[in-house]
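Let's take a walk through this structure together. Have the sequence and the 3D view open as you read.

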Amino acid sequence: MNTIKSTVKFSLSLMAAAAVLSSSLAQAHGYWLLPSSTVLSAPQFVTFDAAVSNDPFHFNHRPLAVDEVQVTAPDGSNQRLQNVSKGELRTTFDVNFEQKGTYRISNYREGVRASWKEDGQPKRFMGKIEEFKQRVPANAQELKVSEIANRLETFVTVGSPSPLKTNGHGLEIVSSVHPNDLVAGEPLTLQFLVDGKPTAGVEVEVIRGQTRYRNQKGEQKLKTDADGKVKIELPEAGMYWLDADFVDHKVKTKEASERSLAYVLTLEVLPQ
Amino acid sequence: MRYAFIPALIAALFASNSQAAGLDVKVSVPRINAAEYHRPYVAVWVETPNQDIATTLSVWYSKDKAEGKGTKWLKDLRQWWRKGGRDLDMPLDGVSGATKPVGEHTLSYTEGKAPLNKLAAGEYNLVVEAAREKGDRELVRIPFSWPAKKAETLKASGESELGAVSLELKP
């Protein structure tokens, strides 16, 4: 397998989705991971769907490449993805969950997206900062650059949940209830951190899946308070999709003025 | 041979006085017409007013199953699992056992002995949760006060996966 090629392809799919997300939520295609189980009482395999679509967990548009998805075991080691298969509408993969505790299934990417004109021709780039610096010519005209920090994740627990650590990069959450310990009717408070610091003004949208079987999506649109917190209602059992977006000016490239941060999370809520 | 009866007789004489406090629980596994019937997984526990587990009394599950030695489906006893079942290592001596057939099953727990141990004075629920492969899930709660002031039998009933459940309080 050509890993360089697949990495670039991945960058395009996830960053394209993110680009749309940050420019206009109304026209966004969301992206998501869907685990077949999140709460396990014995070590076993779980299978995942990964896709880009408007309707959470309904794979009806494009597959999401998963080449850079990392599975972090409770002891901090990495577990590999198995049986990765990219279809027309979704990517699937399996993970063997062998240790007791909580696994983080996550994909974090930092990079830039840029557009410019070269000899009158429009050019676009999405990818890593180092690559961008090599690609963009010194005489680029109408150069527009913005940075991106996107995180996509979900959690699976074998036995008792174990504490989750943040790493101080991009947009992250601290959850009032362990994400694999959610039950219908018990609200959840999430604190959003940007580079490790609680941040006000993060826009959060939460939708329960199965939207095709109801007329009103019933999405919750929230904004973090001064402590970076939002309170999310979880009235019914099901899979919930959460998307959080924020824009700041902490950039690493001198050509960029803005950084778009995104955080996408899948949560399973069980009946009482 | 003759003398063997004597300790039993003495024990019987004092039984009414020295009988330890405790709980007797009767759980009925109902007959269910199903093309493919599997005995239910059942958990019995004592619950505090804020719905924490004071102590797990019994867990019936299929230990013989190849997959995860039967523990793969313990999570389907959803409330018990989340409230503390997941913190226990199965099998658990004196608590876990094989699934039981249709009919009434009597379980006896003595205060001061595992798994009931010493229960602090207060209000509790006895909770029985059942989950059946290819079937449904049901929870039955019986509120009670401890220590018991008098011998008393409290009753409740399930509607699908559990039949009559009774709790006999022994002061």
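Predicted model: local features only at pLDDT ≥ 70, side-chain atom pairs only at ≥ 80, totals over all residues.

Residues are numbered from 1 along each chain as its sequence is written, and chains are lettered from A and ligands numbered from 1 in the order in which they are written.

Chain B holds two helices and nine strands; these are DSSP runs numbered from the N terminus, with helices being H or I of at least four residues and strands E of at least two.

Now find the open sheet of five strands, which line up as E4-E3-E2-E6-E7 in chain B with mixed pairing. Strands count as paired if DSSP finds at least two bridges between them. Strand E4 (96-97) and strand E7 (137-146) of chain B sit at the edges with a single partner strand each, so one side of each has no neighbour in the sheet. Elsewhere in chain B, strand E2 (residues 41-47) and strand E6 (residues 122-131) pair antiparallel over seven bridges. Ala43(B), for instance, has Glu129(B) in E6(B) as its bridge partner.

Finally, look at where the chains meet: 10 residues from chain B and 11 residues from chain A take part in the contact, where contact means C-beta atoms, placed from the backbone, within 7 Å.

Definitions and conventions: Contact = placed C-beta atoms within 7 Å.
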